[in-house]
Amino acid sequence: MKEISELNLPEDLRYTEDHEWARLEEDKVRVGLDDYAQDQLGDIVFVELPQAGDTFKKGEVFATVESVKAVSECYMPVGGKIVSVNNDLEESPELVNKSPYGDGWFVVINPSDPSEMDTLMTNEACLEKLKGTE
Amino acid sequence: MKENVGATGLILNEPLLWEKGRKGRCGFSLPRRDVESFPIDNELAGEGPDFPDLSEVDVVRHYTRLSQWNFGVDTGMYPLGSCTMKYSPKTNEKQAGLSGFTGAHPLLPSDLSQGTLRMMFELEQYLAEITGMDAVTLQPAAGAHGELTGMLTIHAYHKNRGAQRSKILVPDTAHGTNPATATLCNYRSIQVKSNEQGILSTESVADVMDEETAGIMLTNPNTLGLFEDNTKEIAEIIHSKGGLVYCDGANLNAVMGIVKMGEIGVDVMHLNLHKTFSTPHGGGGPGSGPVCVKKHLEPFLPVPRIVEEKGNYSLSDNYPESIGKVQAFHGNVGVMIKAYSYIRSMGPKDLKMASRLAVLNANYIKESLKGTLHLAYDRPCMHECVFSDDKQKDDHVTTLDMAKRLMDYGFHPPTVYFPLVVHGAIMVEPTETESKEDIDKFIEAFKSIADEAKEAPDLLHNAPGKCKVRRLDEVSAARKPCLTG
């Protein structure tokens with residue numbers, strides 16, 4: 001597993017305490033699992049995503065990730081309607097490990113309250129928090 | 001003997017029977033035909049199934065070799081946490097093999113199956129006594145089925161009062177099947193966090209319990225192997241809001257006949273006969289998951305119920321509020337006979353002693369290994385203890401590596417990466433079966449694995465080295481499963 005100094009937590013993203021990331025793309029928010037989460041889970045073998053059109057509140061479970069170690073749930077970083085899902089993950093769940101911020105994205109949300117983005121952590125805050133748990 | 005029990009040996013490869021078969025080979029001979037031959041209906045004729053042609057010795061060697069690749073509790077220590085892999089005494093098999101039982105057909109009328117019905121009736125009474133509950137059903141086929149049956153009685157209870165509820169409390173240390181069961185009963189699971197001591201606090205339950213909540217699903221002892229000290233107070237909170245307490249009894253082996261669950265506020269619980277009551281399990285069963293309830297839930301138990309009148313046993317469907325039948329015929333009767341045999345051969349005193357020894361063994365392992373492995377919660381445990389790979393982090397060795405290496409030492413690995421609340425969990429449940437000598441060997445094995453992690457970590461990364469197959473590619477197996485031969 002990676003040392004904290006080896007983690008890739010890009011500056012332009014916001015992070016939840018459960019290690020989802022969120023990226024503002026104009027008026028939409030793209031969501032995935034951060035480098036720490038994919039590394040801790042290990043090889044991911046299955047991702048269950050919602051349907052486009054589903055609506056969730058911030059903090060609600062919207063996806064399930066299964067690795068050889070464990071099954072984990074993913075929580076909405078901001079509330080809103082799912083406008084697209086990454087169907088490639090169905091055939092190639094390993095994309096989450098290979099490219100957590102690129103091809104391994106999960107969903108794009110049309111946020112009901114874009115200001116919820118401000119409640120999320122910056123990469124620095126996320127890193128500080130991880131150092132605290134060491 | 002200082003030597004490890006793990007050793008390499010002559011383990012024979014074995015092809016599939018289809019590769020082994022040769023046309024015309026045969027393992028039996030039919031007697032000479034003594035009736036006229038008669039053509040069969042065309043509709044019934046056709047190609048037969050693709051069975052290989054084999055001799056008797058081909059078949060016997062095939063299955064004997066496969067059995068030699070196996071590891072079970074008859075082979076060695078099997079400390080699989082949360083599973084209670086205790087030894088299954090052979091006398092249980094003998095009783096279950098009695099011709100009166102094996103010859104009985106489930107459709108026999110009651111007056112021709114008095115023995116089987118009596119065994120079941122008495123087993124229900126024993127289980128009620130052991131748990132301190134009032135009534136029992138033996139129908140459920142296994143643990144998760146028992147959970148569902150138990151939760152259906154809670155659902156029926158609220159429905160019967162004319163006030164169905166929508167939520168159920170489930171602690172974060174619960175078995176994964178609990179929220180699934182709740183969902184099947186149309187309840188939404190509300191997670192309750194365990195405290196820093198690894199158990200539920202009364203406050204965290206009081207915070208979320210309300211009159212829309214049907215009750216709580218408690219596992220006691222919980223999946224961290226810890227006794228839920230506050231059960232009685234938690235039950236009072238739940239009851240005061242009109243809810244019910246379901247107890248997952250999968251971990252009963254720690255408290256068999258010692259804790260009267262009915263007296264600490266539990267309304268309904270399931271048991272796993274295939275864990276606590278020494279009936280064989282693994283490989284998919286069969287199991288048996290009886291449900292024990294307090295008086296107020298008895299009307300909802302599945303039918304038919306076994307009733308006794310003046311020494312006569314019969315099946316009765318006359319329970320109008322019952323949730324109905326949950327399993328074909330009477331449930332897994334063979335498993336019940338083995339549990340009955342276990343309870344009768346142990347007796348009340350020794351059942352309690354078995355639990356005490358199970359708890360003692362787990363605490364002995366916990367204390368002996370806590371300098372070697374990180375101990376998740378440093379407090380007295382029940383029948384199992386949970387470590388993690390935290391101390392091995394700097395050696396870049398994980399729980400999985402240590403578990404695989406343990407096989408080279410001749411032990412079945414413990415449960416790993418469960419419960420989820422402990423990162424990199426290693427969950428050890430020795431059960432009462434193991435002698436001190438065997439437990440000491442297990443402890444020594446773990447200690448030398450921790451040394452190897454420092455000195456020769458690759459031994460662990462490449463483990464197992466002595467088993468018939470080496471590290472399996474679990475990732476490809478999960479991502480690209482091949483389900484045919």
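This is a predicted model: local features need pLDDT of at least 70, side-chain atom pairs count only at pLDDT 80 or more; totals for chains, interfaces and linings use all residues.

In chain B, among contacts with a separation of 6 or more, 72% join residues 24 or more positions apart.

**Overall form of chain B**

- Chain B contains 15 helices, together with 13 strands.
- With a radius of gyration of 25 Å, close to the 23 Å that the globule rule gives for 485 residues, chain B is as compact as a globular protein of that length.
- Taken along the principal axes, the box filled by the C-alpha atoms of chain B is roughly 75 × 70 × 45 Å.
- Of the 485 residues in chain B, 43% are buried.

**Domains of chain B**

- The domain assignment divides chain B into domain 1, covering 91-345, and domain 2, covering 348-479.
- A distance of 30 Å separates the C-alpha centres of domain 1 of chain B and domain 2 of chain B.
- Where these two domains of chain B touch, domain 1 contributes 20 residues and domain 2 contributes 20 residues.
- On the side of domain 1 of chain B that touches domain 2 of chain B, 10 residues are nonpolar, 9 are polar and 1 is charged.

**Contact between chains A and B**

- The contact between the chains involves 7 residues from chain A and 6 residues from chain B.
- The side of chain A that touches chain B consists of 4 nonpolar and 3 charged residues, with no polar residues.

Terms used
Residues are numbered from 1 along each chain as its sequence is written. Chains are lettered from A and ligands numbered from 1 in the order in which they are written. Ala, Val, Leu, Ile, Met, Phe, Trp, Tyr, Cys and Pro count as nonpolar, Asp, Glu, Lys and Arg as charged, and the others, Gly among them, as polar. Domain bounds come from an automatic or database domain assignment. Helices (H or I, at least four residues) and strands (E, at least two) are DSSP runs, numbered from the N terminus. The radius of gyration is taken over C-alpha atoms; the globule rule is 2.2 Å times the number of residues to the power 0.38. A residue is buried if 20 or more other C-beta atoms lie within 10 Å of its own, exposed if 12 or fewer, and partly exposed in between; C-beta atoms are placed from the backbone.
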